[in-house]
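Q: Could you walk me through how features of a protein model are read, with the general idea and then the case at hand?

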Amino acid sequence: MANPLILREGDPPRLVELRRPVADALAAAGVVQVALTDRPGWWEVTPGTQIGVVSVAGLQVVIEPKIDISRLVFLMGYARRPDFWCDNWAQLDADADLPEALADAFVRLAKRALEQGLLKGYVTVDETSAVLRGRVREADQLRRRWGRSIPLEVRYDEFTVDIAENQVLLAAVKQLLRTPGVGVRHRAGLQRLRLQLADVTAPGRDCARVSWVASRLNARYVPALELAELVLAGRSFEQRVGDLVVSGYLVNMATIFEDFVTVALREAFKPLGGRSRLQYRTHLDEAEAVPVRPDFVWSDAGVPRVVVDAKYKAEKPSGFPQADLYQMLAYCTVLGLPIGHLVYAKGNEDARAHVVRRSGVRIVTHALDLDVEPAELLATMSELVDAMVLSTEPEPFVAG
């Protein structure tokens, strides 16, 4: 069959010819759902909410998002740092798959950042030395070298290129180099960047501990660093299933959507005061044995006024087809609110209102159109917040 196999997230099952080990490897990696048909060698392949590129036994599987790649990157970036992505967002090649598009933009931005050479900064170094440099770490010296004058346990500040900003860039370079779907043209650019960063220590696989803060000193690095963090936010993996190795780079649309909605709500509520809390912690029962955690709660004067759950698509597990509504009813009951809000991606659920019998609780579902310009999307979020706040106001009294 033709390579690559191109799927689109959320599409219905597609009939595909696969060897049994390849189908098993894709299923075991959690990339797609596969179901054997009554036609030998043919499988029903159903993409979920994960997008990206996966490679197994010479087969490359590309799972495309429903929305434009540039819109997708804006959603990812805004959820991480809204103050930057509100005014800056990357225009990516709409025809490229996600890893290729990210690599193209990253190489351009990183090359621009490093044109003036590697950024340097001061790093505190603790080491054992035969000569005095900086100052002696007295507690460590006494504990480890009692009665001895050398070697010395010293601490000093070194002006070096081995700083967090360069480490983050190097981590992104290495991740893109091992990602299937990144073409030869971009691999050459990535290798050049790797050589430029040769004196930088590569962080571990989990580089969450490597943090940086935007400042005047690293301003030329910031666009490349922002994109590097998006690259690192994806799930880059390589695993063996039987005799086959599955490698890939995936991001979960459901997670991207939920992160964006909650952060955009928090930003839109700021002018109104009060307090916005993401992943609000409370309990269903008085004994506090059953924890519940709404995605977003806005409180005014310490009292919860608005509760929101963000769902990329409706959860409809077997035997429990309206799970989202039951979940929101529980949130409203616990928080003592007469109305709850569910925000879905447009096309995955309709906008409507449900009034729960005998309780008076109203659950409103909203459909958010992601396929619009970022400025329009953020304006829509502000309008949504206005509607949510208005719904908390008491009904006006009309004289008869």
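A: This is a predicted model, in which local features need pLDDT of at least 70 and side-chain atom pairs count only at pLDDT 80 or more, while totals for chains, interfaces and linings use all residues. Residues are numbered from 1 along each chain as its sequence is written, and side-chain values use heavy atoms, with hydrogens and water left out.

Q: Which residue's side chain does a polar contact join to that of Glu226?

A: A polar contact is a pair of N or O atoms within 3.5 Å; within protein, one must be able to donate a hydrogen and the other to accept it, and residues adjacent in sequence count only if both atoms are side-chain atoms. Here the side chains of Glu226 and Arg81 are joined by a polar contact of 2.4 Å.

Q: Is Glu226 buried or exposed?

A: Buried means under 20% relative accessible area, exposed over 50%, and partly exposed in between, with a 1.4 Å probe and protein chains only. Glu226 has 2% relative accessibility and therefore counts as buried.

Q: What sits over the face of Trp212?

A: A charge sits over a ring if NZ of Lys or CZ of Arg is within 6 Å of the ring centre and within 35 degrees of the ring normal. Arg81 lies over the face of Trp212, at 4.4 Å from the ring centre, and Arg235 lies over the face of Phe237, at 4.5 Å from the ring centre.

Q: How many aromatic pairs does the structure hold?

A: A pair of aromatic rings is described by the distance of the centres and the angle of the planes. Rings of Phe, Tyr and Trp (its six-membered ring) pair if their centres lie within 6.5 Å; planes under 30 degrees apart count as stacked, over 60 as edge-to-face and the rest as tilted. The structure holds 8 aromatic pairs. One of them joins Tyr122 and Phe159, whose ring centres are 4.9 Å apart and whose planes stand at 45°, so the pair is tilted.

Q: Why does the pair of Tyr122 and Phe159 tie together parts that are apart in sequence?

A: Strands (E, at least two residues) and helices (H or I, at least four) are DSSP runs, numbered from the N terminus. Because Tyr122 lies in strand S7 (residues 121–129) and Phe159 in strand S9 (residues 152–160), the pair ties together parts 37 residues apart in sequence. Tyr122, at 64% relative accessibility, counts as exposed, whereas Phe159, at 48%, counts as partly exposed.
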